Amino acid sequence: MRIVVGAMVTTVLAVPQAMADFLASCRLCNSESVFGGHRIVADCDTEESGITRISSLDLNYCIGNDNGTLKAQDPGLFADTCYACLSLPTVDGDNKAYMQCVCKTRDQIRDYTRLLIQTTLLDNLDGLLGCFGGKWLGEDVTCEH
Ligand SMILES: *[C@@H]1O[C@H](CO)[C@@H](O)[C@H](O)[C@H]1NC(C)=O
């Protein structure tokens, strides 16, 4: 299935809508390139039953590199010092979602680091991706599951 959504503008949601559990209510799109370009696209449920929206989020708003360790940070700009990011659907069979990258420490040493993707990191704001209660970035996005 391929869906194209019209242009949306960058916005900051002043009053966060009810936030839904990202993992339970969103399906990542274009999964082979998830996290690779530090932008994710997802098809998320809205508050209206059966209606979904596709939006994208630049994870630089949400994730930082703290001396070689990925962490939730606003704005984190992790992509300045991390690369080769990919999604891991599970680690040691725990069935949780992780993002793994190679990140540099302050001393420029590179190593693998992982971040657990959870509701405290990514939000579903009535169908739109966000983090820290707002700041979603929508664009012309397509979704391929
Ligand atoms: C940064 O991480 C390196 C390697 O883990 C460690 O040796 C160093 O002490 C850390 N530096 C700071 C300022 O935390």
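The following dialogue goes through the features of a predicted protein model.

Q: Which conventions apply to this model?
A: Residues are numbered from 1 along each chain as its sequence is written. The model is predicted, and local features need pLDDT of at least 70, side-chain atom pairs count only at pLDDT 80 or more, and totals for chains, interfaces and linings use all residues.

Q: How many of the residues are buried, as a percentage?
A: Burial is a neighbour count: a residue is buried if 20 or more other C-beta atoms lie within 10 Å of its own, exposed if 12 or fewer, and partly exposed in between, with C-beta atoms placed from the backbone. Of the 145 residues in the protein, 35% are buried.

Q: What share of the contacts comes from residues 24 or more positions apart?
A: Two residues are in contact if their C-beta atoms, placed from the backbone, lie within 7 Å. Among contacts with a separation of 6 or more, residues 24 or more positions apart account for 52%.

Q: Which residues of the largest nonpolar core touch the most other members?
A: A nonpolar core is a set of buried Ala, Val, Leu, Ile, Met, Phe, Trp, Tyr and Cys residues joined through C-beta atoms within 7 Å. The largest one has 32 residues, and I40, V41, A42, L70 and L129 touch the most other members. Two or more residues each come from β3 (26-28), β4 (39-45), β5 (52-58), β8 (82-88), β9 (97-104), β10 (110-117) and β12 (128-130). Leaving aside residues up to four places away in sequence, A42 touches C26, R27, L28, C29, S55 and L129.

Q: In what order do β3, β4 and β5 form a sheet?
A: Strands of a sheet pair through backbone hydrogen bonds, either parallel or antiparallel. Two strands pair if DSSP finds at least two bridges between them. In this model three strands form an open antiparallel sheet in the order β3-β4-β5. Its edge strands, β3 and β5, each pair on one side only. The twist averages 30° from one strand to the next, where axes are lines fitted to C-alpha atoms, for helices over the stretch in contact, and angles run from 0 to 180 degrees between N-to-C directions. Seven bridges join β4 and β5, and V41 has S56 as its bridge partner in β5.

Q: Is R27 buried or partly exposed?
A: R27 lies in strand β3. It counts as partly exposed because it has 14 C-beta neighbours inside 10 Å. R27 and V41 are 14 residues apart in sequence, and their C-alpha atoms are 8.7 Å apart.

Q: What is the order of the sheet that contains β8, β9 and β10?
A: This open sheet runs β8-β9-β10, and its pairing is antiparallel. β8 and β10 are the edge strands, each pairing on one side only. The twist averages 20° from one strand to the next. β8 and β9 pair over five bridges; the bridge partner of L86 in β9 is Q100.

Q: Which residues are around the ligand?
A: A residue is near a molecule or strand if its C-beta atom, placed from the backbone, lies within 6 Å of it. The residues around the ligand are N67, G68, T105 and R106. For classes, Ala, Val, Leu, Ile, Met, Phe, Trp, Tyr, Cys and Pro count as nonpolar, Asp, Glu, Lys and Arg as charged, and the others, Gly among them, as polar. The shell has no nonpolar, three polar and one charged residues.

Conventions. Helix = DSSP H or I, 4+ residues; strand = E, 2+ residues; numbered from the N terminus.
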